[in-house]
Amino acid sequence: MIELVQHDTPVPSRQQHTDGVWGTSACTPPGAQPRTTPLYCPPTPPERPELAAELNRRVIVWMTEMGLASEENVAGVHDHDPGRGITLCHPGGDDVERMTAATKMIIAETVVDDYYCETNSRRAADDQQIGPNLSMAQSAIDAPCLTGTHQAQWDKRRDDDPVLRAQHDAFNDLKRFSTPAQARRTTHDIAQLYLGYNAENGWRLINRLPPAWQYLANRQMNSFRPCLALTDMLDGYELPPELYAHPLVQDCTARASLIATLHNDLASCEREIRGPGLPFNLPAVIQAEEHIPLDEAFVKSCEIHNELIQEFEADTERTTSALPDPTVARYLTGLWAWIAGCRHWHFTTARHTA
Ligand SMILES: CC(C)=CCC/C(C)=C(\C)COP(=O)(O)OP(=O)(O)O
Ligand SMILES: [Mg+2]
């Protein structure tokens, strides 16, 4: 039985006034203490700052080799602090090489989002290449088998693009520590991730946010699943393919991935609502669907998170009862650890609190 504790989470009070001026909303009278709402999660894991700094140092060196170490991107690494994220989400992890490979994957998957999908300075406002770009990003980790001439053309295209080169190189590094089945897991999860990226773009093109049910179904794919599913590789064991593919384990992995990604939604929602383009996070979706203030939508989002985590408790108990193999319990403990670390990482990293 996992211990869940109440993490009092600050409720955003900022919301746009009718004249577009940001300020303290009427919900929080000046001088009042910020409102909080409970988020139920396992306890916060320990910090390992030296290891986190070493992982960040290593990935910045790697980004330089990939041609991705612009001043903005390096500053972004320090704000995002993926090295700290990996140490928090893998509290038992002690293999620096494996943890570096996992940190590279976070960078690689984030740059695909930043360069090919998000509304920002890296992407032309009229860019319509998300589909072809995501197809190439997937090919960079799931190589096409072409004729010699075409293969050479694809290899050159991949190597000429820092984003594609980063996918290819990070995945090759990950494969050094993965069984073929674990590597195939990652390939599949990232293809799903790109489906999620593409769906967001579809809503961006029509400038509409989806209803909450549809947003959450997509967020389960547009999620940290490629990271959570590395938990056995990082700890140097393998959940056997037939157990990983078991529907009960699949349900646990999917639900844990959604829960962890909602931590991103909650922690980043104010920044995203203030930023350019449609804000893709659960509070913004609920606010738009139910026509309620941001703070109420945020509280409802936390209630959905808490309901999901209760479901996840039931999922894991059902799964360990049905599948008594100790490797299953070890894997599920890794999913819980990812949830615990992800919450703390997101609510304390500069990327979301600045
Ligand atoms: C590292 C990884 C597998 C990410 C996949 C899902 C993803 C892009 C996020 C969880 C980030 O969410 P978002 O697009 O909201 O970005 P911010 O970090 O909030 O800017
Ligand atoms: Mg976000």
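**Figure 1. The largest pocket and ligand 1.** A molecule sits in a pocket if more than half of its atoms lie within 2 Å of the pocket's grid points. In this predicted model, the space taken by ligand 1 is the largest pocket. The volume of this pocket is about 1,100 Å³.

**Figure 2. Lining of the largest pocket.** The lining has 43 residues. Closest to the pocket centre are Asp113, Asp114, Glu118, Arg271 and Arg351. Several helices give two or more residues each to the lining. They are helix 2 (71–80), helix 4 (96–117), helix 8 (180–206), helix 10 (225–228), helix 13 (247–274) and helix 17 (350–353). By class, 17 lining residues are nonpolar, 13 are polar and 13 are charged.

**Figure 3. The shell around ligand 1.** Ligand 1 is surrounded by 19 residues. Glu109, Asn264, Arg271, Glu272 and Arg351 are the closest of them. The shell divides into seven charged, seven polar and five nonpolar residues.

**Figure 4. Polar contacts of ligand 1.** A polar side-chain atom of Asn264 lies 2.9 Å from a ligand 1 oxygen. For Ser268, a side-chain N or O atom is 3.2 Å from an oxygen atom of ligand 1. In Arg351, an N or O atom of the side chain is 2.9 Å from an oxygen atom of the ligand. On its own, ligand 1 has 510 Å² of accessible area, and the protein covers 94% of this area.

**Figure 5. Helices around ligand 1.** Which elements give two or more residues to the shell around ligand 1? They are helix 4, helix 8, helix 13 and helix 17. Helix 13 provides the largest share of the shell, with five residues.

Conventions
Residues numbered from 1 in each chain as written. Chains lettered and ligands numbered in written order. Predicted model: local features only at pLDDT ≥ 70, side-chain atom pairs only at ≥ 80, totals over all residues. Heavy atoms only, no water. 1 Å grid on protein atoms, 1.4 Å probe; cavity = no way out; pocket = protein on both sides within 12 Å on 5 of 7 lines; lining within 4 Å. Points joined across faces, edges and corners; volume = space filled by probe spheres on them. Helix = DSSP H or I, 4+ residues; strand = E, 2+ residues; numbered from the N terminus. Nonpolar A, V, L, I, M, F, W, Y, C, P; charged D, E, K, R; others polar. Near = heavy atom within 4 Å. Polar contact = N/O pair within 3.5 Å; in protein donor to acceptor, adjacent residues only side chain to side chain. Areas by Shrake-Rupley, 256 points an atom, 1.4 Å probe, with all protein chains shown as cover.
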